[in-house]
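Here is a short note for a colleague opening this structure for the first time. Please read it with the model on screen.

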Amino acid sequence: MIKVIAIDDEPLALLKLATFIQKIPTFELVGQFKSAIEARNFLDSEDVDAIFCDINMPDLNGMDFIKSLSSAYLVVFTTAYSEYAVDGYKVEAVDYLLKPFGLDDFKRAAEHVEKAYRLRHAADQDTAAPSTVIKHDDDRNLYFKTDYRIVRLGIDNIVYIEAMSEYVKIHLRNDKSVVVLVRLKNLLDRLPSSFMRIHRSYIINLNAIVEVNKNRVIVEGDVFLPIGDSYRDAFNEYIRNRFIQ
């Protein structure tokens with residue numbers, strides 16, 4: 001099942017979105033929110049695959065909200081203003097629904113989400129062979145046992161690590177990434193203290209931090225990552241201990 005949330009500040013529009021989502025057999029509605037801020041708090045602690053999000057909202061513009069998140073989510077924007085369509089694709093939106101839209105329009109968008117979801121998971125299966133983290137050493141290397149090979153990754157080249165169900169995606173400084181079959185927690189246990197978990201889905205290289213902005217960390221590559229509630233105190237303590245007054 002594809003886990004979906006709906007966001008719209010208009011109650012009737014939100015109800016319509018939720019009703020349509022529940023009509024799609026492959027969708028599971030796991031949350032509906034009247035503001036992007038409420039949705040962001042939910043995303044800090046829950047697994048979500050796709051977001052149907054209004055753009056014109058008073059507390060936080062839907063476009064800015066999506067830009068602040070990781071690119072892991074499949075996004076469909078809903079709005080009454082057609083001029084937002086181009087911007088929607090700039091943030092890699094899967095589709096765009098112009099209000100008022102009917103069930104047939106929604107089903108077409110849902111098909112695009114389903115296709116993107118299948119492609120993403122097929123890519124994960126193709127690139128991720130069963131792996132085991134076997135060691136790290138004084139040379140700052142991390143080794144993965146994959147089938148009959150041992151793959152080496154330089155620890156200092158890792159920018160951040162993203163959980164993807166049973167897999168993790170390791171994002172490197174050369175704009176490349178490696179997907180391996182290992183749990184995020186098991187990998188964290190093998191990493192040095194220069195890495196910290198800041199969210200249930202993310203571990204970051206503390207040396208790759210560019211900026212801390214409220215509930216987000218910006219790392220090298222201009223990537224915005226959320227700070228989860230459960231990890232915020234430890235992260236803030238780390239920052240305070242290194243703050244120069």
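**Notes on the predicted model**

1. Start with D44. At 7% relative accessibility, D44 counts as buried, because the cut-off for buried is under 20%. The model is a predicted one. D44 lies in the loop that runs between α2 and β3. Its contacts, leaving aside neighbours within four places in sequence, are H199, R200, P226, I227, G228, D229 and R232.

2. Now the overall picture. The protein has 245 residues, and 47% of them count as buried. Its secondary structure comes to 7 helices and 16 strands. The protein exposes about 13100 Å². Carbon and sulfur atoms supply 48% of that area. Take the contacts between residues at least 6 apart in sequence: 49% of them join residues at least 24 apart.

3. Which residues touch the most other members of the largest nonpolar core? They are I5, I7, L43, I51, F65 and F77. This core holds 22 residues. The elements that give two or more residues to it are β1 (2-7), α2 (36-43), β3 (50-54), α3 (62-67) and β4 (74-79). Helix α2 gives the largest share, 4 residues.

4. Not counting residues up to four places away in sequence, I5 touches I21, L29, V30, G31, F33, A39, F42, L43, V48, A50, I51 and F52. Another core lies apart from the largest one. This other core has 21 residues, among them V4, A6, L17 and A50.

5. F65 lies in helix α3. Is F65 buried or exposed? F65 is buried, with a relative accessible area of 0%. Beyond residues up to four places away in sequence, F65 touches I7, A36, A39, R40, L43, C53 and L60. F65 and I37 are 28 residues apart in sequence. Their C-alpha atoms are 8.3 Å apart in space.

6. On to the aromatic rings. A search of the whole structure finds 6 aromatic pairs. Why is the pair of Y160 and Y202 tilted? The ring centres are 6.2 Å apart and the planes meet at 55 degrees, so the pair of Y160 and Y202 is tilted. The pair links distant parts of the chain, 42 residues apart. Y160 is in strand β9 (residues 158-164), and Y202 is in strand β13 (residues 202-205). Y160 is buried, with a relative accessible area of 7%. Y202 also counts as buried, at 3% relative accessibility.

7. Phenylalanine rings come next. Ring pairs link F20, F27, F52, F101 and F106 into a cluster.

8. Last, N141. Where is N141 placed? N141 is in strand β7 (residues 141-146). N141 is buried, with a relative accessible area of 9%. The side chain of N141 makes a polar contact with the side chain of R152, at 3.0 Å. N141 and I155 are 14 residues apart along the chain. Their C-alpha atoms are separated by 5.3 Å.

Conventions:
Residues numbered from 1 in each chain as written. Predicted model: local features only at pLDDT ≥ 70, side-chain atom pairs only at ≥ 80, totals over all residues. Heavy atoms only, no water. Buried < 20%, exposed > 50% of the residue type's maximum accessible area, 1.4 Å probe, protein only. Contact = heavy atoms within 4.5 Å. Areas by Shrake-Rupley, 256 points an atom, 1.4 Å probe, with all protein chains shown as cover. Phe/Tyr/Trp six-rings, centres within 6.5 Å; stacked < 30°, edge-to-face > 60°. Core = buried A, V, L, I, M, F, W, Y, C linked by side-chain atoms within 4.5 Å. Polar contact = N/O pair within 3.5 Å; in protein donor to acceptor, adjacent residues only side chain to side chain.
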